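Here are my notes on this model. Please keep the structure open while you read them.

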Amino acid sequence: KHLIKPFSVKAADPLTSVYGAFGKFTCENKIDIKDITRVMITGVGSAFVGESMFGLPTTHVSEFEAVGKGGLYLSKLDEAIVVSLGTGTAIIHAKKDEIVYMGGTGVGGGTLIGLSKKMLGVSNIDNIVELANEGSLDNIDLRISDMTSKDIIPTLPRKTTAANFGKLSDVATNGDIALGILNMVYESIGMLAVFASRHKNVSKVVLTGNLSILPQAEEVFESLSNMFKVDFTVPELANYATAIGAALTCFPHI
């Protein structure tokens with residue numbers, strides 16, 4: 001079995017998206033529909049699809065199972081906490097023979113876009129990222145160093161966030177605010193992942209989903225890794241982990 005390089009498409013509704021992606025994928029990879037034995041489909045939008053696509057048997061896969069399997073496959077791990085950073089966030093304890101949904105949070109990509117739209121008048125993710133590249137957290141977040149000159153806990157750097165948006169300045173730029181929103185989202189998700197990691201005594205945390213591959217994610221999760229001794233990793237193709245995991249449910253031995 002081998003993986004054909006995945007891709008994504010954007011459309012106004014789930015049905016247009018899934019059928020458009022399917023058609024483009026088979027066309028670009030010169031795959032004849034008669035050579036396909038089964039379609040695996042997952043995600044909230046899959047509810048709009050019946051038991052057949054283009055006359056092919058179509059199996060609906062639990063999104064949590066798909067996230068877990070995809071995260072393990074891409075990271076080449078046998079056990080990990082797999083975090084899906086999508087519109088919201090799901091946290092899964094994944095092992096080769098068991099996938100367990102631990103919980104999640106409504107903080108995610110939807111939070112980022114919603115707050116950016118209201119506060120900045122910007123809702124395109126690429127534009128938010130571009131703004132954040134020019135930003136600084138100095139006029140946004142209250143840090144430990146702003147509150148005390150002493151080391152409260154030796155393992156916590158003085159630049160550790162004490163309160164997201166707790167030092168919002170009147171002179172904060174749109175770039176500062178964009179970075180502040182991204183930082184708040186990532187720190188919130190990261191700390192939940194740390195708690196899950198400690199609860200299950202699993203040091204490996206695999207980050208998946210579109211939000212995991214934005215450039216601002218790396219610095220935040222690297223900082224959390226150093227502070228809490230949790231190994232955060234974003235594998236190649238992390239934004240396709242759920243789709244890959246759905247396909248893998250056909251092959252339980254992988």
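1. Is D32 buried, partly exposed or exposed? D32 is partly exposed, because its relative accessible area is 36%. The cut-offs: buried means under 20% relative accessible area, exposed means over 50%, and partly exposed lies in between, using a 1.4 Å probe and protein chains only.

2. A word on the source. This is a predicted model, so local features need pLDDT of at least 70 and side-chain atom pairs count only at pLDDT 80 or more, while totals for chains, interfaces and linings use all residues. Residues are numbered from 1 along each chain as its sequence is written, and side-chain values use heavy atoms, with hydrogens and water left out.

3. Now the salt bridges. Side chains of opposite charge can pair when their charged atoms come close. The rule here asks for a side-chain nitrogen of Lys or Arg within 4 Å of a carboxyl oxygen of Asp or Glu. By this rule there are five salt bridges. One of them joins K34 and D32, at 2.9 Å from N to O. K34 is exposed, with a relative accessible area of 66%.

4. R143 pairs with D138. Their closest N and O atoms are 2.9 Å apart. R143 counts as buried, at 18% relative accessibility. D138 is partly exposed, with a relative accessible area of 44%.

5. K167 forms a salt bridge with D146, and the closest N and O atoms are 3.4 Å apart. K167 sits in the loop between β8 (161–163) and α6, while D146 sits in helix α5 (residues 144–147), so the pair ties together parts that are 21 residues apart in sequence. Helices here are DSSP runs of H or I with at least four residues, strands are runs of E with at least two, and both are numbered from the N terminus. K167 counts as partly exposed at 31% relative accessibility. D146 counts as partly exposed at 37%.

6. Next, a helix pair. Helix α6 (residues 174–200) packs with helix α7 (residues 215–228) at an angle of about 40°, and their axes are 9 Å apart. Axes are lines fitted to C-alpha atoms, for helices over the stretch in contact; angles run from 0 to 180 degrees between N-to-C directions. On the α6 side, the contact includes L179, Y186 and M191. On the α7 side, the contact includes V220, F221 and L224. Contact means heavy atoms within 4.5 Å.

7. Which residues of α7 are buried? They are Q216, A217, V220, F221, L224, S225 and M227. Seen down the axis of α7, these buried residues fall within an arc of 165°, so they line one face of the helix. The arc is taken from the directions that run from the helix axis to the C-beta atoms.

8. What do the buried residues of α7 pack against? They pack against β4 (79–85), α4 (125–133), α6, β9 (204–208) and β10 (231–233). The face of α7 turned away from the buried side carries the exposed residues P215, E218, E219 and N226. K229 follows α7, and its phi is positive, near 55°.

9. Last, look at S52. S52 lies in strand β2 (residues 52–53). At 37% relative accessibility, S52 counts as partly exposed. Leaving out residues up to four places away in sequence, S52 touches Y19 and T58. S52 and V39 are 13 residues apart in sequence and 8.3 Å apart in space, C-alpha to C-alpha.
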